[in-house]
Amino acid sequence: MKASGRLGGWAGGAMVVAVALLPAYPPVRLSAQDSSAIDRGVRIGITYRPGVRPGMVVLPERSPAMDSVRTILTRDLDYGDRFEMISLPGGDSIRMGRAPAGARAGTSARAQTASLNYPLYQALGADFAVGMGIVGDSIQITLHDVATSGIRRVLKARLPALTDPRFRMAVHRLADQIVEAAVGTPGSAATRIMFVIDGKLYRIDQDGAGLAELRSGGDRTILSSGWAPDGRHITYMEFRSGHGQLFVQDATTGRRRAISDGTTLDFTPAFSPDGNKLVFSRAIEEGTDVYTLNIKDNCCLQRLTVGRFSDNLSPTYSPDGQRIAFVSTRSGLPQIYVMAPDGTDQQLFAPFDYGVTGSSNAPDWSPDGQSVIFHRDVGGTIQVFVLDARTRTVRQLTSLGRNEDPTWAPDSRHVAFVSDRSGLRHLWVIDMETGRIRPLLQQSGIRLPAWSPRLPEAAPSTP
């Protein structure tokens with residue numbers, strides 16, 4: 001019996017997990033596909049030429065206490081790819097024309113406006129400028145609208161201590177608020193990505209910092225992880241001796257509970273949009289099928305597919321909960337199908353050509369509901385593709401090296417994936433609008449990434 005999906009090429013017992021793919025037809029490539037401009041950094045203000053994206057400058061702050069905040073904010077705004085980041089020539093020598101010290105320490109918008117030389121930053125190509133300072137026991141972030149020579153938003157927050165594990169995520173949340181104030185939609189800085197290395201589950205902040213182990217399976221191998229919509233819980237499968245057991249775990253405390261009893265092979269779990277159900281794959285002698293279970297009430301196991309010696313697996317809900325994309329081998333090689341949440345109306349989703357294309361695997365529905373990303377075999381190597389959920393057209397996103405197991409950021413424009421383009425299997429991020437690609441974690445052996453929703457502030461909860 002063969003099953004395919006978000007198990008990263010793993011083979012065990014009677015089940016062989018395949019991760020090969022091929023294009024449905026000659027792919028229509030993105031205009032900025034798989035850019036080699038890796039981590040381009042910032043532009044210098046004097047040579048900056050405004051383009052489609054607004055220019056953004058993070059103003060220097062002489063207070064050593066603000067160095068870490070400024071560094072994290074600048075990196076978050078850069079990695080969000082919504083702005084052309086501008087560095088100041090000469091560093092602090094071109095700082096804003098400061099108001100008297102007493103005025104700078106206050107919270108008056110008039111005093112803050114007077115302290116910025118708007119014509120200067122307009123000349124440097126900036127549309128927005130971010131200033132920061134300490135007011136009492138809080139940090140104050142001022143977003144200047146350079147084009148209108150005024151203040152767009154003032155944000156205040158009490159940050160944890162620099163040594164507090166919550167510090168970096170608190171700054172990430174400030175970055176997301178800056179993005180929302182500037183362009184109307186929040187960023188994805190306050191997010192994390194889970195992945196597996198050597199059967200252990202890890203997570204990392206979206207900027208590549210804060211690596212931490214979430215779970216070690218001991219004599220078991222952890223695979224197939226996913227995030228709950230609330231960002232507070234995760235799910236994964238532990239494999240041992242031909243059996244796969246599903247768990248839900250509190251992402252903060254580490255407390256967990258078993259969802260299945262471990263007597264069957266259950267894998268590729270995913271939460272429903274309301275967080276009340278898990279949809280997953282179960283392998284038995286007759287094939288592999290998709291099931292749902294109400295984990296809120298711990299009841300109501302429902303079988304959605306009947307494989308009859310074919311495999312149906314790797315389910316992913318649409319954000320509105322009205323469809324489930326999944327992988328099926330009913331037509332031969334694994335391909336991407338779609339069905340209603342009760343298992344009816346099953347049909348091919350991503351088109352392919354018999355005898356020409358290879359297998360398609362690891363679908364992930366975008367948070368905005370517009371697309372499904374997956375990987376597909378192209379001439380013997382794996383590449384990342386995106387399916388338009390409305391028109392059902394397919395586009396190829398990558399071309400260099402082997403690229404697999406893509407996962408969406410909550411902004412529906414960034415995708416993390418595993419690639420060997422640098423020689424080893426590392427974690428990378430691509431911005432689908434600009435084509436910019438950057439390494440997230442250059443540690444070998446990474447598999448099965450899963451990008452979180454925007455994470456709320458930590459709060460105690462029971463899985």
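This is a predicted model: local features need pLDDT of at least 70, side-chain atom pairs count only at pLDDT 80 or more; totals for chains, interfaces and linings use all residues.
Leaving out residues up to four places away in sequence, F349 touches R323, A325, I336, Y337, V338, W365, V372, L387, A389 and R392. Within the largest nonpolar core, which has 44 residues, L201 and F349 are those with the most contacts. Strand 15 (residues 233-240) supplies the largest share of this core, four residues. A separate second core has 26 residues, L77, M85, M132 and A175 among them.

Back to the rings: searching the whole structure gives seven aromatic pairs. One of them is F195 with Y202, a stacked pair with 6.1 Å centre to centre and 15° between the planes. F195 is buried at 0% relative accessible area, and Y202 counts as buried too, at 17%.

Two arginines sit over tyrosine rings, as listed here.

| Arginine | Ring | Distance to ring centre |
|---|---|---|
| R282 | Y291 | 5.4 Å |
| R330 | Y337 | 4.9 Å |

Finally, a look at a loop. D311 lies between strand 21 (299-303) and strand 22 (312-317). D311 is buried, with 5% relative accessible area, and its side chain makes a polar contact with the side chain of T288 at 3.1 Å.

Key. Residues are numbered from 1 along each chain as its sequence is written. Side-chain values use heavy atoms; hydrogens and water are left out. Helices (H or I, at least four residues) and strands (E, at least two) are DSSP runs, numbered from the N terminus. Buried means under 20% relative accessible area, exposed over 50%, partly exposed in between (1.4 Å probe, protein chains only). A polar contact is a pair of N or O atoms within 3.5 Å; within protein, one must be able to donate a hydrogen and the other to accept it, and residues adjacent in sequence count only if both atoms are side-chain atoms. A nonpolar core is a set of buried Ala, Val, Leu, Ile, Met, Phe, Trp, Tyr and Cys residues joined through side-chain atoms within 4.5 Å. Contact means heavy atoms within 4.5 Å. Rings of Phe, Tyr and Trp (its six-membered ring) pair if their centres lie within 6.5 Å; planes under 30 degrees apart count as stacked, over 60 as edge-to-face and the rest as tilted. A charge sits over a ring if NZ of Lys or CZ of Arg is within 6 Å of the ring centre and within 35 degrees of the ring normal.
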